[in-house]
Amino acid sequence: MIEQSLEGILLGLVLLSFLTLYRIIWGPHAADRIVGTNVMMTNVILAIIILAHLFQNYTYLDVAFVYVLSAFVGTICVMKSLGKGKLS
Amino acid sequence: MYFQKRIDDPKGFMLFTIILLIFWFLMSPSLSLRNIAVGLVCCLAVTYFWSPDLFKPGQPFRIAPRQVAQLAVYLLLLAYNVVVANVHVALIVLSPKLPISPGFILVKTKLQNELTRTLYANSITLTPGTITINLNSDRLLVHALTKGTAQGVCDWHLENRLREMEVSKGD
Amino acid sequence: MLFYELFICLLLWSGLFFLFVGTLGLIRLPDLYTRMHATSKCDTLGAGLILMAMMFLVGRNEVFKLLMIGVFIWSINPLITHVIGYMAYLRDGEHLPETFFMDCYDLPYPGKEMSGKEDVHA
């Protein structure tokens, strides 16, 4: 039962990422697109973790961990360059 | 020279290095000698490089055991409040008429320490109907989803708990 | 054993439900700040629930990594919301026309009504 529901959760995460594309493509301002990208980031991290369990290959957890940190730094950089005009 | 930094607070320096080392050993795959040496050098370098930002002259970096217990109780209460906040947002989003009346509100905090102020701002973001936009010394700019939640953020009972945790540093 | 499996499935599907509510709020709500209400809260709890269910499933050596990912998501998500909100407040600040502005800095709740964004300096 757990295997089927894990596959269902994976499918649901992919569908939610496609729903988020609406706000990323047609968002009125830059900040809306950043919020949409952030939601997609959370979905991708959870998908990586579930795939790591389905493939029984737990090296992927390190990938997820580095992805959290790099996405955070990327968002901070984009917002800083939008607000101040430079990165420093 | 730009890489020479003064160390005002040696005990806080040790404490912060130990916290970073615990994090390193949780992440590292094995406990070989080379691993331990690399971790020790990296943690000392990171703490030394950031020491002007971490250790301010007036506020020594200490954690008492009683504060850890108070922090654990606070985090449990916060987890309960997060579930309440999610049900609140879900009821608003799933209802067909969208009953919202948003607004900005400027609030004063009683907290003195920078770390507890940051924790308070982060926990306002996770609790029902409010997100923090800005925190500047003791002025908090909060965006509220409805008028009722705007009233709730002015006298919030978890702030008193954080204030107790700040005061009980002495023993 | 059946209760264990049912409990894990409940955690997983409720996590997916809260993520769905966050995405629906991102699409439905009218302006940037209200959208951030939906995404910050619901994404945080949904990710926490799914991570908690995965913590029961993976082996004992990987629990710490999942715990660290959970702690990072729970502390980073409010921070990112804060940064995005402050930048939007400084730059263009699109908000609904019926938004109220209130200054409770030295008064109890009802405070002073402010006319616009320029009066509330944080």
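Predicted model: local features only at pLDDT ≥ 70, side-chain atom pairs only at ≥ 80, totals over all residues.
Let me start with α2 of chain C. Of its 26 residues, 22 are buried, so this helix is largely enclosed by the rest of the structure.

Now, what touches chain C? Take chain A. Here 38 residues of chain C meet 35 residues of chain A. On the chain C side, the elements giving two or more residues are α1 (2-28), α2 (32-57) and α3 (63-90). By class, that side of chain C has 27 nonpolar, 3 polar and 8 charged residues.

Next, chain B. 33 residues of chain B are in contact with 39 residues of chain C. Again α1, α2 and α3 of chain C each give two or more residues, and so does β1 (100-103) of chain C. The classes on this side of chain C are 24 nonpolar, 10 polar and 5 charged residues.

Which pair of chains shares the most contacts? Of the 2 pairs in contact, that is chains B and C. Chains A and B have no contact joining them; their closest C-alpha atoms lie 9 Å apart.

Look at the strands between B and C. Strand β1 of chain B, residues 103-108, is joined to β1(C) by 4 bridges, and the two run parallel. Within that pairing, Leu106(B) stands opposite Asp103(C).

On to chain B itself. It has 7 helices and 3 strands. From the N terminus, the order is α-α-α-α-β-α-β-β-α-α. Is this chain compact or spread out? For 171 residues the globule rule gives 16 Å, and the radius of gyration of chain B is 20 Å, well over that, so chain B is more spread out than a compact globule. Along the principal axes, its C-alpha atoms fill a box of roughly 60 × 40 × 35 Å.

Burial next. Of the 171 residues of chain B, 25% count as buried. Then sequence range. Take contacts in chain B between residues at least 6 apart in sequence: 67% of them join residues at least 24 apart.

Note on methods
Residues numbered from 1 in each chain as written. Chains lettered and ligands numbered in written order. Rg over C-alpha atoms; globule rule 2.2 N^0.38 Å. Buried ≥ 20, exposed ≤ 12 C-beta atoms within 10 Å, placed from the backbone. Contact = placed C-beta atoms within 7 Å. Nonpolar A, V, L, I, M, F, W, Y, C, P; charged D, E, K, R; others polar. Pairing = 2+ DSSP bridges.
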